[in-house]
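Please open the model in your viewer and keep the sequence panel beside it. The tour below goes from one selection to the next.

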Amino acid sequence: MRLPRVLSPQMHRRVDLVALPSVIASVVWMSRRDSRVAALMSMIAAGEGAALLTTDYPPGFLRWMSFRDHIWAATLHGILAASLALLVPGIPPRDRRVLLALASMPIVLSALSDTREQ
């Protein structure tokens, strides 16, 4: 069973434009509670920002990577972030769930994005 591909590249870009400031705000919020978790969240924000700037959705800012490559990189980025959330010691369970939720978002968004439309 496959998920329906309901998000066009342009809609995916709009979601990314909303997600980046949201992740940055969550880094600021978390930095008051746990600096280790905030550091992991800032890595997620850096990956999100780099992908947003370098993808040709179209339109794109720098257009260094295709939308199909963006989907592939976002999935890997989500898996890496989830792995770090599970493997870094000393993270409280509540914060670990927050990190896992953030890590799942690029994976779900990639699964729902239509790479056939160019």
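This is a predicted model: local features need pLDDT of at least 70, side-chain atom pairs count only at pLDDT 80 or more; totals for chains, interfaces and linings use all residues.

Residues are numbered from 1 along each chain as its sequence is written, and side-chain values use heavy atoms, with hydrogens and water left out.

Begin with Asp16, Ala19, Glu48, Met105 and Pro106, which are the closest to the centre of the largest pocket among the 20 residues that line it. The volume of this pocket is about 330 Å³. Next, colour α1 (9–31), α2 (35–54), α3 (67–87) and α4 (93–112), each of which supplies at least two lining residues; α1 gives the largest share, six residues. Helices here are DSSP runs (H or I, at least four residues), numbered from the N terminus.

Now turn to the salt bridges (a side-chain nitrogen of Lys or Arg within 4 Å of a carboxyl oxygen of Asp or Glu), of which the whole structure holds two. Select aspartate 95 and arginine 33, whose side chains meet at 2.8 Å, N to O; this pair links distant parts of the chain, with aspartate 95 in helix α4 and arginine 33 in the loop between α1 and α2, 62 residues apart. Buried means under 20% relative accessible area, exposed over 50%, and partly exposed in between (1.4 Å probe, protein chains only). Aspartate 95 is therefore buried at 3%, whereas arginine 33, at 38%, is partly exposed.

Finally, select arginine 63 and aspartate 56, which meet at 3.9 Å, N to O; arginine 63 is exposed at 52%, and aspartate 56 is partly exposed at 26%.

Technical notes: On a 1 Å grid over the protein atoms alone, a cavity is a set of points where a 1.4 Å probe fits but cannot get out, and a pocket is an open set with protein on both sides within 12 Å along at least five of seven lines; lining residues have an atom within 4 Å of a point. Grid points are joined across faces, edges and corners, and a volume is the space filled by probe spheres set on the points.
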